[in-house]
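Have the structure open while you read.

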Amino acid sequence: MKKSRQTPVLVAVSILLIIVSSLIPSAQSAWLGALQTLMLGAGLLGCCIAFWRFAKGGKGGKGKS
């Protein structure tokens with residue numbers, strides 16, 4: 001996959017993980033609560049990585065051809 005398409009896909013998957021984790025009824029079981037926490041953490045980590053790639057991607061491209 002092209003590097004220019006990786007960041008939007010990562011953001012979309014991360015947002016999807018965050019939304020799905022909010023739909024899990026964590027009050028019913030400790031395992032569901034742990035699953036919800038893991039999915040939320042993965043979603044937030046993916047958003048942070050996507051932001052880092054976006055912020056880092058604009059540097060150093062002016063003088064190169």
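Which residues form a nonpolar patch on the surface? It's I15, I19 and L23, and together they have about 300 Å² of accessible area. Keep in mind that this is a predicted model.

Now for the overall picture. The chain has two helices and zero strands. Of its 65 residues, 14% count as buried. The chain exposes about 5300 Å², with carbon and sulfur atoms supplying 71% of that. As for how the chain meets itself, take the contacts between residues at least 6 apart in sequence: 50% of them join residues at least 24 apart.

I19 sits in helix α1, which covers residues 3–23. S21 is found in helix α1 too. Here's how the two line up:

| Residue | Relative accessible area | Class |
|---|---|---|
| I19 | 45% | partly exposed |
| S21 | 2% | buried |

Why does S21 count as buried? Because its relative accessible area is 2%, and the cut-off for buried is under 20%. I19, at 45%, counts as partly exposed, since that class lies between the buried cut-off and the exposed one of over 50%.

So what does S21 touch? Leaving aside neighbours within four places in sequence, S21 is in contact with Q36, M39 and L40.

Notes: Residues numbered from 1 in each chain as written. Predicted model: local features only at pLDDT ≥ 70, side-chain atom pairs only at ≥ 80, totals over all residues. Heavy atoms only, no water. Helix = DSSP H or I, 4+ residues; strand = E, 2+ residues; numbered from the N terminus. Buried < 20%, exposed > 50% of the residue type's maximum accessible area, 1.4 Å probe, protein only. Contact = heavy atoms within 4.5 Å. Areas by Shrake-Rupley, 256 points an atom, 1.4 Å probe, with all protein chains shown as cover. Patch = residues over 30% accessible without salt bridge, like charges linked within 9 Å, V, L, I, M, F, W, Y side chains within 5 Å. Salt bridge = Lys/Arg side-chain N within 4 Å of Asp/Glu carboxyl O.
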